[in-house]
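Dear colleague,

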Amino acid sequence: MLIASLKPRTMGGTTNTGLLSYALARAGYPVTCYDADESLQLAAWAREVDDFPCQVHEADTPSFAETIYPGMDHGRLNVVDAGHAENHPDIVDSILEVADLVIVTVSPTKPDYDRLTRPERGTALAKVIRRSAALRETGEPPATVVLLNRCQAGSNSPKQYGDLLTNGGHDGTLPRWNVLTSRIPRREPIASAVGYPCNKPERKAPYDALVTELKRLGHLPEPDASR
Ligand SMILES: Nc1ncnc2c1ncn2[C@@H]1O[C@H](COP(=O)(O)OP(=O)(O)OP(=O)(O)O)[C@@H](O)[C@H]1O
Ligand SMILES: [Mg+2]
């Protein structure tokens, strides 16, 4: 299957892609990553450390669906890190054509919430995801969840923004998102994860909880022990 890690702009997407992949591998899944952000930071991370969990293929192309997807081993968990949806809508469109699960990283802050729900320029990500249905084999948009990250311990903002996203904004007129109960905390060891070894307790526990929740929600298959 293909899991797409998306965000409207810089929000912690590469950090989450790498550490989620690490958690998936430790949970027993065969994982392969694709870097569809032209900054290629996920690919560099994998090169720079010994314990990055898998291979990362460069895949920053608007023909992702035609040139990258067909060559994947679909028995593995393929995880793609996309760049800014705002700046690279063509690549994001192509990923959405074929993704099975979309994880949108958002921080519970006003600027990040606004960029997700009401961007001043460009198309809101919810609409981009919805319209991908027209190009998908199923005729439906991919299953999509929101992962709140950089959540400050003790702050009310994760609940506040989580509720707004779930309920369609203050007046219920905006698109409604499925917000995961797993949250990634705002922590220095996670802030400094990209380019450094994955094996630190703070870089594991929140992502293990995320994998558990994704399994519970039926978004992940059982790991196949025979592989
Ligand atoms: N859980 C966290 N706690 C604190 N800071 C974080 C956390 N996750 C990411 N960050 C910080 O957020 C910034 C963006 O992280 P990252 O590079 O993963 O985001 P991105 O969405 O991939 O960005 P880009 O647009 O460059 O691709 C970095 O400065 C990183 O240190
Ligand atoms: Mg990135």
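Helices here are DSSP runs of H or I with at least four residues, numbered from the N terminus, and it is in this sense that Gly218, whose phi is positive, near 85 degrees, follows helix α9. Please keep in mind that this is a predicted model.

Helix α9 itself covers residues 205-216, and its 12 residues reach 17 Å from the first C-alpha to the last, which is close to the 16 Å expected at 1.5 Å a residue. Which residues of α9 are buried? They are Pro206, Tyr207, Leu210, Val211, Glu213 and Leu214, and because they cover an arc of only 165 degrees around the axis, they sit on the same side of α9. An α-helix has 3.6 residues a turn, so residues three or four places apart point the same way. The face of α9 turned away from this buried side carries Thr212 and Arg216, which are exposed, while the cover over the buried residues includes α1, β5, β6, β7 and α8.

The other part to look at is ligand 1, which has 18 residues around it, with Thr10, Thr14, Thr15, His84 and Ala191 coming nearest. A polar side-chain atom of His84 lies 2.5 Å from an oxygen atom of ligand 1, and a polar backbone atom of Pro185 is 2.8 Å from a nitrogen atom of the ligand. Taken alone, ligand 1 exposes 630 Å², of which the protein buries 80%. The largest share of the shell around ligand 1, 3 residues, comes from α1.

With best wishes

Methods
Residues numbered from 1 in each chain as written. Chains lettered and ligands numbered in written order. Predicted model: local features only at pLDDT ≥ 70, side-chain atom pairs only at ≥ 80, totals over all residues. Heavy atoms only, no water. Helix = DSSP H or I, 4+ residues; strand = E, 2+ residues; numbered from the N terminus. Expected span 1.5 Å × (residues − 1). Buried < 20%, exposed > 50% of the residue type's maximum accessible area, 1.4 Å probe, protein only. Arc of directions from axis to C-beta. Contact = heavy atoms within 4.5 Å. Near = heavy atom within 4 Å. Polar contact = N/O pair within 3.5 Å; in protein donor to acceptor, adjacent residues only side chain to side chain. Areas by Shrake-Rupley, 256 points an atom, 1.4 Å probe, with all protein chains shown as cover.
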